[in-house]
Amino acid sequence: MDETEQRAMGEVSQADVVLSGYGPVGQAFVNHLARQGDELARQHGVRPRVRAIRASSAQCWLRGSEPVPPRSAWGPLVPLEETLERTAARVFVQAIPSSPELRHQAVKEAVEALRQGVHVVTATKSHLLGHWRELDEAARGLGVMIRISGATGAALPAGDLSRTALRGMGCETIRACPNGTVTFVLDRLAQGDSLSDAIHEAQRRGIAEADPSADLSGEDAATKVRLLAALAWGWDPALVRVETQPVIEDTAGEALSAASRNRRLRAVAGASVDQPYFVQVRLEETRPGDPLHALDGPEKAVVFGCPDAGDVTVSGGRSSPLGAALALVKDTIEVTAPRTGFF
């Protein structure tokens, strides 16, 4: 019986998951698997199931389809090694904040999971920037995988293109607007909003975080392009030099001026094989016909420059906790689903 017939008959494999981090992204991940588990199993031949959730000082164990208990009912945090062994997890999913304070925890847990032969799926960026080589070596040594779609654009599948789809295509440049918040803010400035009003509106709509400084400074866009370049060209993100141009109060005048000439101001992050280990984020006027000009609100886009094959562009993707959670779901399926035939 082939895998298509097995899926048709409801015979699917199970992928037990340990989740680290239960903020908005982690909660959206758990809720989506609970709602869509049957459909995911039917379509992909694998049913991801969260067996344990770890937070900063407590964790809970889940059985079957039971809901997540209230935090007051969670037990003490036990070593990750014990959690992975008790759950027989195939995947360790990270949804903890990408903050400097949690970087050590993120890399320690990721390496521990990899050394236990468990795939790692992460939306956390901080440890990827500083410990890329260490993580890669740990994964290769045990024959397991790391997937980072949630860290390179949430629901935008730019990481998949960088990692595999552009192999042999001769990609030489990456030009991107990978931060939906700053694109939304720039468009509001072009409509006459002040910077503070534009930020408040982005926060009201759930597009911007409480602290949007990494978005407006260009740091987040640079981080994502550093990671895309690492996937595409093998750069170590820790060695990449970054220059950024921030969005500030005076940017409102630039956005209005661009709009008066049927152009749109964009915070464009770029990298090129001709300038190894360098990523620049600058405010750029884009013209009609440019994929970055066409972005609407919080949409994101990445243009991969392939001189022989032609530019390859991916755009869209939801900038939200759900968008990041769906990227985690996609990567979890990708590392556990059957890999024969067309699948």
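Colleague: What volume does the largest cavity have?

Modeller: About 30 Å³. A cavity here is a set of points on a 1 Å grid over the protein atoms alone where a 1.4 Å probe fits but cannot get out, and lining residues have an atom within 4 Å of a point. Grid points are joined across faces, edges and corners, and the volume is the space filled by probe spheres set on the points. Keep in mind that this is a predicted model, where local features need pLDDT of at least 70 and side-chain atom pairs count only at pLDDT 80 or more, while totals for chains, interfaces and linings use all residues. Residues are numbered from 1 along each chain as its sequence is written, and side-chain values use heavy atoms, with hydrogens and water left out.

Colleague: How many cavities of 30 Å³ or more are there?

Modeller: One.

Colleague: And which residues line the largest cavity?

Modeller: V182, D215, L216, G218, A221, Q245, V247, A267 and V281. By class that's six nonpolar, two polar and one charged. Ala, Val, Leu, Ile, Met, Phe, Trp, Tyr, Cys and Pro count as nonpolar, Asp, Glu, Lys and Arg as charged, and the others, Gly among them, as polar.

Colleague: Which residues sit closest to the centre of the second largest pocket?

Modeller: Of the 28 lining residues, W132, D136, R140, R163 and L231 are the closest to its centre. The lining as a whole has 15 nonpolar, five polar and eight charged residues.

Colleague: Which element gives that lining its largest share?

Modeller: α5, with seven residues. The elements giving two or more are α5 (126-142), β7 (146-147), α6 and α10. Helices (H or I, at least four residues) and strands (E, at least two) are DSSP runs, numbered from the N terminus.

Colleague: How do α6 and α10 pack, then?

Modeller: α6 (158-165) and α10 (219-233) pack at about 20 degrees, with their axes 7 Å apart. Axes are lines fitted to C-alpha atoms, for helices over the stretch in contact, and angles run from 0 to 180 degrees between N-to-C directions. So α6 and α10 are roughly parallel; angles under 35 degrees count as that, over 145 as roughly antiparallel, 65 to 115 as roughly perpendicular and the rest as oblique.

Colleague: Which residues meet there?

Modeller: A158, G159, S162 and R163 in α6 meet L228, L231 and A232 in α10, contact meaning heavy atoms within 4.5 Å. They divide into four nonpolar, two polar and one charged.

Colleague: Switching over: what's the angle between α4 and α5?

Modeller: About 10 degrees, with the axes of α4 (103-115) and α5 9 Å apart. α4 and α5 are therefore roughly parallel too. The contact residues are nine nonpolar, three polar and three charged.

Colleague: And α3 with α4, what angle there?

Modeller: About 40 degrees, with the axes of α3 (80-87) and α4 10 Å apart, so α3 and α4 are oblique to each other. L80, E81 and L84 of α3 and E109, E112 and A113 of α4 make the contact. Those split into three nonpolar, no polar and three charged.

Methods:
On a 1 Å grid over the protein atoms alone, a cavity is a set of points where a 1.4 Å probe fits but cannot get out, and a pocket is an open set with protein on both sides within 12 Å along at least five of seven lines; lining residues have an atom within 4 Å of a point.
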